[in-house]
Amino acid sequence: MNISEYHGNSEQLELDRFDRTILSVLAEDGRISITDLSKRIGLSKSPTQARLRRLEQTGVIIGYRALLDPIRLGLDHVAFVEVRLSDTREAALSAFNAAIAKVPEIEQAHMIAGNFDYLLKVRTRDMTEYRRFLGETISALPHIANTSTYVAMQAVKETMLSDGS
């Protein structure tokens, strides 16, 4: 199942304690072997593998990836950008969504119910690069009416989704 299929289906899967433990262990170490995973959750390899496959096929696990340290990569400037669109009809929203999906500096984008339409998390090397990015990239996105930028001084908490326990 690909991510677009998953997001189109909001049906929640019933998870037991073994499933939740698998998710918790994988959230800590996505490269763990099936053998080690099965030992950690207290099941043999075959049922562990079957559960893992089901979690992947049903879209609970949508992928695996390396977590990179943006600071070590020189990307320590974080800005949150409020975006107001000039048009909020479905075609305009779709065009905006498609455009921001292609921009690697935008780490996160959330449609907001409030005084603005979107909140973007943007990561760049420094203020100079952010200023260029704002002027050349964000302002060129479809249907932009205006933006407001808030620069983060320090990340107090940044986590990835885990099993919630």
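Colleague: Are α3 and α4 roughly parallel or roughly perpendicular to each other?

Modeller: This is a predicted model. In it, the axes of helix α3 (residues 34-41) and helix α4 (residues 45-57) cross at roughly 100°. Angles from 65 to 115 degrees count as roughly perpendicular. Therefore α3 and α4 are roughly perpendicular.

Colleague: Within what distance do the axes of α3 and α4 come?

Modeller: Take the lines through helix α3 and helix α4. They cross, and they come within 9 Å.

Colleague: Which residues in α4 meet α3?

Modeller: Start on the α3 side, with I34, T35, L37, S38 and I41. By class, the contact of the two helices has four nonpolar, four polar and one charged residues. On the α4 side, the residues are K45, T48, Q49 and L52.

Colleague: Is V25 buried or exposed?

Modeller: V25 lies in helix α2, which covers residues 17-28. Its relative accessible area is 4%. Buried means under 20%. So V25 is buried.

Colleague: Which residues is V25 in contact with, leaving aside its neighbours within four places in sequence?

Modeller: L37 is one of them. V25 and L37 are twelve residues apart along the chain, and their C-alpha atoms are separated by 7.4 Å.

Colleague: In what order do the elements of the protein chain run?

Modeller: The chain has six helices and four strands. Read from the N terminus on, they run α-α-α-α-β-α-β-β-α-β.

Colleague: What is the radius of gyration of the protein chain?

Modeller: For 165 residues, the globule rule gives 15 Å. The chain is well over that, so it is more spread out than a compact globule. Its C-alpha trace spans about 55 × 40 × 25 Å along the principal axes. The radius of gyration is 20 Å.

Notes: Residues numbered from 1 in each chain as written. Predicted model: local features only at pLDDT ≥ 70, side-chain atom pairs only at ≥ 80, totals over all residues. Heavy atoms only, no water. Axes fitted to C-alpha atoms, helices over the stretch in contact; angles between N-to-C directions. Helix = DSSP H or I, 4+ residues; strand = E, 2+ residues; numbered from the N terminus. Parallel < 35°, antiparallel > 145°, perpendicular 65-115°, else oblique. Contact = heavy atoms within 4.5 Å. Nonpolar A, V, L, I, M, F, W, Y, C, P; charged D, E, K, R; others polar. Rg over C-alpha atoms; globule rule 2.2 N^0.38 Å. Buried < 20%, exposed > 50% of the residue type's maximum accessible area, 1.4 Å probe, protein only.
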